[in-house]
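Subject: Structure for your review

Dear colleague,

Please find below the structure that I am handing over to you.

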Amino acid sequence: MSSQATDHAHDDHGHHVTSITTLIATFAALVALTFLTSALAQVNLGRADIWVTLGIATVKAALVAVFFMHLAHDKGFNAVILLSTLGFATLFICFALMDKGQYQPQIDDYNADKRQAAAEMSGS
Amino acid sequence: MATAEAIESSTDAHADDHSGHGDHDHPAWLAHHFESPEQQFDAGKLGMWLFLAQEVLFFTGLFVAYAVYRANYPEVFINAHHYLNPVLGAFNTIVLLASSLAIAWAVRAAQKGENELLMWLHVFTLGCAGLFMGVKTVEYAYKIDEGLLWASMYNPQHLTDTGLHTQLGTFFWMTMTFGVIVGLAGWMLKGGKSVAWGWVIFSIGVILMSTAAGVVVANAIQVSSMEADHGQHASADGHDGHGAAAHGDEHGSSHAEEGHAKEGHADDDHSSDGPAADGHHGSDHAEEALAPGVLPKPEGEEQMGAAAEEAEPSEDTEPTAEDAAEEATAEEPTAEPAGETEAASEPAAEGEAAEEGGAEAAETEEAPVAAKPVYGANEGNFFSIYFAMTGVHAIHIFAGMIAFLWIIYRIAKRNFSPEFYGPVEFVGLYWHLVDLVWIYLFPLLYLIH
C-alpha cells in the first residue's frame with residue numbers, strides 16, 4: 001500500500017489524485033464549521049441569522065464539492081453544471097418567496113369558512 | 001458494460017475472453033460505444049453530475065416548501081425547533097462528513113490500486129450510514145411517542161412510560177445480535193469460495209451493527225439532553241418523562257407569565273393587540289376550536305387578523321394552568337419581531353386545538369370538537385416539512401447503501417484498478433450529494449433560532 005501523503009500525483013490517465021493531507025484538512029475544516037454553526041445557534045444575530053447560517057452551510061458545501069467531489073481538478077463543465085443548478089435553485093426559491101403572501105386572501109377565506117362551520121357545529 | 005462478468009483480473013488490459021470478441025485490443029471494461037477509456041470516464045462523470053443536478057433541484061422543491069412556510073410563519077418554526085435535538089443533528093452531521101471523507105479517500109485508494117484499503121473504506125462508509133440511520137430511528141421513535149407527526153396526525157403529548165422509545169433497547173439487542181450473526185456469516189463466506197457475496201453479506205452485518213450502535217448512542221444523548229433540560233427547569237411542573245417536546249412545555253409552565261409579557265412586548269406591530277394577546281395566552285382552547293382564528297399572516301392583514309382576534313377574547317379566559325401542562329411550546333418567549341402577537345399565540349392555540357381535535361388529547365378540555373380545527377400553520381406543518389425532508393433524505397441514504405453494496409461486490413471481484421475506477425468515483429459523488437443535502441438540512445431544521 002503506497003502512502004505518499006502529499007503527492008499531487010496523477011494516475012495513469014492524468015487524473016488528479018487527492019493527497020491525504022488535503023482530505024484530512026478538508027474534513028477538519030468541515031467539522032470545525034459544524035461546531036461553529038452549532039455554537040452560533042446560541043447567539044442571536046437578528047436578521048443576519050439566516051444569512052450567516054446559510055453562508056456557513058454554503059462554505060461547507062463548497063469544501064465538499066471542490067475537494068471531496070474533486071471539482072477543483074475536474075473538467076470545468078462539471079462545475080458549470082453544479083453552479084448553474086444552484087443558480088436555478090436560487091431562482092426557484094426566490095420566485096416562490098416573492099409570491100408567499102399572494103394567496104393569503106384565499107387562506108383567510110378558507111379559515112373563516114372553517115371557523116364558521118366549527119361554530120355552527122358546536123352550536124355556539 | 002462488458003465488465004460485469006466475473007473477470008478476476010481487470011488489470012489485464014487486453015483481456016479478450018468476453019463473449020467471443022477475440023480480436024479486440026481494448027480493455028475488458030471499456031464499453032463498445034466509447035472510443036477510449038478517457039471518454040468513458042468523462043461520460044460517466046458527466047452523467048453522474050447531471051443526475052446530481054436533478055437531485056439538487058428536487059431537494060430544492062422541498063427547500064422551497066420550507067422557505068415559504070418559514071417566511072410566512074416564522075414563530076411556528078422557532079417554536080417547533082425545540083422539539084429537535086441539535087446534539088443528535090450535529091452528531092449525524094459529523095458522521096456523514098466522516099463518511100464523505102472515507103469515500104473521497106476511497107477514490108484515491110482506487111486510483112492508487114490499493115484494493116484492500118478501498119474495500120475497508122467502503123465498509124466504513126456503510127458503517128457511518130448505519131450509524132446515521134440508528135440515530136434517525138431514535139429521533140423518529142421519540143417523535144412518534146410524543147405525537148409530533150405531520151400535520152394531519154399532529155397530536156402533541158407528554159412522553160409516557162410506554163411507546164416506541166421504550167422498545168429501543170430491545171431493538172438494539174435484536175439488531176446487534178442479528179448484525180453480528182450476519183457479519184460473521186459474511187466473514188466466513190468471504191474466506192471461502194464466494195468472496196464477493198461474502199463481503200456483501202459482511203457489509204450488511206456491519207450496517208446492522210452500526211445501526212444498533214447508533215440507536216444506543218442517540219438514545220443516551222437524547223436521555224441526557226432531556227435530563228439536562230429537566231434540571232434547568234426543576235421547578236417546572238413535576239412532570240416526569242418529558243420528551244424533547246417538553247422543553248417548550250417546561251418553559252411554558254415556568255415562564256408562562258414572562259412569555260405573555262414578552263410576547264406582548266416583542267410585538268411592536270400590534271401594540272393594540274396587547275390585551276387581546278395576553279388574553280389569548282391564557283387562552284386555551286377548550287372552546288378554542290374557534291380560537292386559532294386568524295393565522296399569522298405575512299404583512300398587511302393584521303387589521304383583519306386583529307379584528308378577528310379581538311372578537312374572541314371572551315373565550316380566552318382559560319387559566320394558564322392547563323395550558324402550562326400542555327405542549328405550550330408557543331409560550332417559549334419568541335422575540336421574533338416578525339411574528340404578530342396572534343401569531344405567537346397561534347402555535348399554542350394550534351397545538352392546543354389540534355391536540356383537542358385529536359381523539360387522544362392528553363388533557364382534554366371540555367369543549368367537544370368535532371373536527372380538528374386547525375386554522376393556518378402550526379407545528380404540525382413544521383413536522384410535515386421535517387418528515388418530508390428528513391424522510392426523503394433517509395431514502396437517499398438507503399439507496400446509497402444499496403449502491404455501495406454493489407460497489408463492494410465489484411471491489412471484491414477486483415473489478416477496479418488505477419485504470420478503471422469510474423463506478424467508485426461516481427457512486428462516491430452521489431454520496432457526497434447526500435452529505436451536501438444534510439449539510440443544509442441540519443442548520444435549517446435543528447438550529448432555528
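The notes that follow take the two chains in turn, then the contact between them, and then some local features.

Please keep in mind that this is a predicted model.

The chains

Chain A has 124 residues, of which 35% count as buried. Its secondary structure consists of four helices and zero strands, so that the order along the sequence reads α-α-α-α. Among contacts in chain A between residues at least 6 apart in sequence, 37% link residues at least 24 apart.

Chain B has 449 residues, and 62% of them count as buried. It contains 13 helices and zero strands. For contacts in chain B between residues at least 6 apart in sequence, the share that joins residues at least 24 apart is 77%.

The interface

The size of an interface is often given as the accessible area lost when the parts come together. Between chain B and chain A, about 5,700 Å² is buried, with carbon and sulfur atoms giving 69% of that area. Three residues, Trp49(B), Arg108(B) and His449(B), supply 13% of the area that chain B buries against chain A, which is more than any other three residues supply. In terms of contacts, 67 residues of chain B touch 64 residues of chain A.

Two salt bridges are counted between chain B and chain A. In a salt bridge between the chains, the side chain of Lys75(A) meets that of Asp42(B), at 3.4 Å from N to O. There are also eight residue pairs in polar contact between chain B and chain A, with both residues at pLDDT 80 or more.

On the side of chain B that touches chain A, at least two residues each come from helix H1 (37-72), H3, helix H9 (302-310) and helix H13 (422-446) of chain B. H1(B) gives the most to this side, with 21 residues. By type, the residues on this side of chain B comprise 43 nonpolar, 10 polar and 14 charged.

Helix H3 of chain B

Helix H3 of chain B covers residues 86-111, and its 26 residues should span 38 Å at 1.5 Å a residue; the end C-alpha atoms are 37 Å apart, which agrees. Of these 26 residues, 21 are buried, so H3(B) is mostly covered. At the start of H3(B), a side-chain oxygen of Asn85(B) comes to within 3.0 Å of the backbone nitrogen of Val87(B). After the helix comes Gly113(B), which has a positive phi near 70°.

Two residues with positive phi

Most residues other than glycine have a negative phi. His70(A) is not a glycine, yet its phi is positive, near 70°. His70(A) lies in the loop between helix H2 (49-68) and helix H3 (76-98) of chain A. With a relative accessible area of 6%, against a cut-off of under 20%, His70(A) counts as buried.

Arg414(B) likewise has a positive phi, of about 60°, without being a glycine. Its place is the loop between helix H12 (379-412) and H13 of chain B.

With kind regards

How values were computed: Residues are numbered from 1 along each chain as its sequence is written. Chains are lettered from A and ligands numbered from 1 in the order in which they are written. Side-chain values use heavy atoms; hydrogens and water are left out. The expected span of a helix is 1.5 Å times one less than its number of residues. Buried means under 20% relative accessible area, exposed over 50%, partly exposed in between (1.4 Å probe, protein chains only). A polar contact is a pair of N or O atoms within 3.5 Å; within protein, one must be able to donate a hydrogen and the other to accept it, and residues adjacent in sequence count only if both atoms are side-chain atoms. Contact means heavy atoms within 4.5 Å. Buried area is the accessible area (1.4 Å probe) that two parts lose on being put together, summed over both. A salt bridge is a side-chain nitrogen of Lys or Arg within 4 Å of a carboxyl oxygen of Asp or Glu. Ala, Val, Leu, Ile, Met, Phe, Trp, Tyr, Cys and Pro count as nonpolar, Asp, Glu, Lys and Arg as charged, and the others, Gly among them, as polar.
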